[in-house]
Amino acid sequence: MPGRTSRLLGGLLLGLLLTLGTTPAATAEPDTTATATAPATAAGIPSVGTDWDRPGPYEVDVDIEVVHTFYHPRAMGASGERHPVVIWGNGTGAVPGIYSSLLRHWASHGFIVAAANTPTSNFALSMRAGIDVLERRNADPGSEYFGRVDLARIGSAGHSQGGAAAVNAAVDARVDTAVPIQPGPLTDPDLTGVPVFYLAGERDLTVWPALVKALYRDSDHLPAVYGEVRGAGHLSSIGDGGDFRAPTTAWLRFWLMDDENARGFFFGPDCGYCADDELWSGWDRNERARLIPGPGGV
């Protein structure tokens, strides 16, 4: 037990340090060179073209609270925009700070990320409670979130146990899409009907790609995409997200911001990610996903 306690305390300390931005990846500055004149997406968020791997146009603040850690644009609603929400679930024994650079990255692209602090996220209770918190703050004239949260655009995401929780959270009617990253098996896609982007790692020996693909195959009643990141192990998505960062950002921007720059990477007969053998060791789209039009309605 002492060893386990030491590891847990060490993980919490590392998570806190990462959340505060002590790593180079966490302190990356957003690309603000063209934000003043950048065209906006249909959701009112500045376009970044297809540079989803780079930081977005917003500087980021982090609020560490008891139940949640919130990553959000520092100047929320500065141009009258409302910010979509991503609720996040950690892997087993982890805290949001372990994924801090990835969550900061999403916030730099205009999302408000409500990361549940729990290291046992599977039932998604704390994740869904993050929506409740933001609903209250969005209605509170004394809150910095007042009138700045787009509660009509909410995604769930998570890693490992939290990946299963991302699907479990999507039973909530307020959730519009889910991004399970290397998800554990304790979930049932039949409980939801929102679009899901399943992500696996080619060299993941904890959650084998076959297990993720089984969840994907059980999702024939909803639009589902399966991406297996070449060379990735189970921990490749922690920190700044590694090769998971760009595609997850693109997916969230498409479904929650109506970012048409991302459409052609997932949908249409010649989708950009479909032929990207350098990034993916496996890629598939089910019939419902193939019915979603690509650019130009094709």
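Let me begin with D258, which has its place in the loop between α6 (245–257) and α7 (260–266); here helices (H or I, at least four residues) and strands (E, at least two) are DSSP runs, numbered from the N terminus. The phi of D258 is near 55 degrees, a positive value in a residue other than glycine. As background, most residues other than glycine have a negative phi, and most peptide bonds are trans. D258 is partly exposed, with a relative accessible area of 31%, where buried means under 20% relative accessible area, exposed over 50%, and partly exposed in between, with a 1.4 Å probe and protein chains only.

Before I go on, a word about the model. This is a predicted model, in which local features need pLDDT of at least 70 and side-chain atom pairs count only at pLDDT 80 or more, while totals for chains, interfaces and linings use all residues. Residues are numbered from 1 along each chain as its sequence is written, and side-chain values use heavy atoms, with hydrogens and water left out.

Now to the sheet. It is an open sheet of nine strands, with mixed pairing, and the strands follow the order β1-β2-β4-β3-β5-β6-β7-β8-β9; two strands pair if DSSP finds at least two bridges between them. The edge strands are β1 (60–64) and β9 (280–285), each of which pairs on one side only. From one strand to the next, the twist averages 15 degrees.

Which strands does helix α2 touch? Helix α2 (residues 100–108) packs on the sheet, touching β1, β2, β3 (83–89), β4 and β5 (149–159), where contact means heavy atoms within 4.5 Å. The direction of α2 makes about 40 degrees with that of β2; for such angles, axes are lines fitted to C-alpha atoms, for helices over the stretch in contact, and angles run from 0 to 180 degrees between N-to-C directions. Helix α4 (residues 161–169) also packs on the sheet, touching β3, β5, β6 (177–181) and β7 (196–201), and its direction makes about 145 degrees with that of β5.

Why can we say that α4 is largely enclosed by the rest of the structure? Nine of the nine residues of α4 are buried, so the helix is largely enclosed by the rest of the structure. Among these buried residues are Q161, G162, G163 and N168, and the buried residues of α4 pack against β3, α3, β5, β6 and β7. In the loop between β5 and α4 we find S160, which has a positive phi of about 60 degrees although it is not a glycine, and which counts as buried at 11% relative accessibility.

H234 has its place in the loop between β8 (224–229) and α6, and at 11% relative accessibility it counts as buried. The side chains of H234 and D204 are joined by a polar contact of 2.7 Å, a term for a pair of N or O atoms within 3.5 Å; within protein, one must be able to donate a hydrogen and the other to accept it, and residues adjacent in sequence count only if both atoms are side-chain atoms.

Not counting residues up to four places away in sequence, T177 touches several residues, including I154, V194, L252 and W255.

Finally, let us look at two helices together. Helices α2 and α6 pack at an angle of about 35 degrees, with their axes 11 Å apart. The contact is made by L102, H105 and W106 of α2 and R245, T248, T249 and L252 of α6. By class, this contact has three nonpolar, three polar and one charged residues, where Ala, Val, Leu, Ile, Met, Phe, Trp, Tyr, Cys and Pro count as nonpolar, Asp, Glu, Lys and Arg as charged, and the others, Gly among them, as polar.
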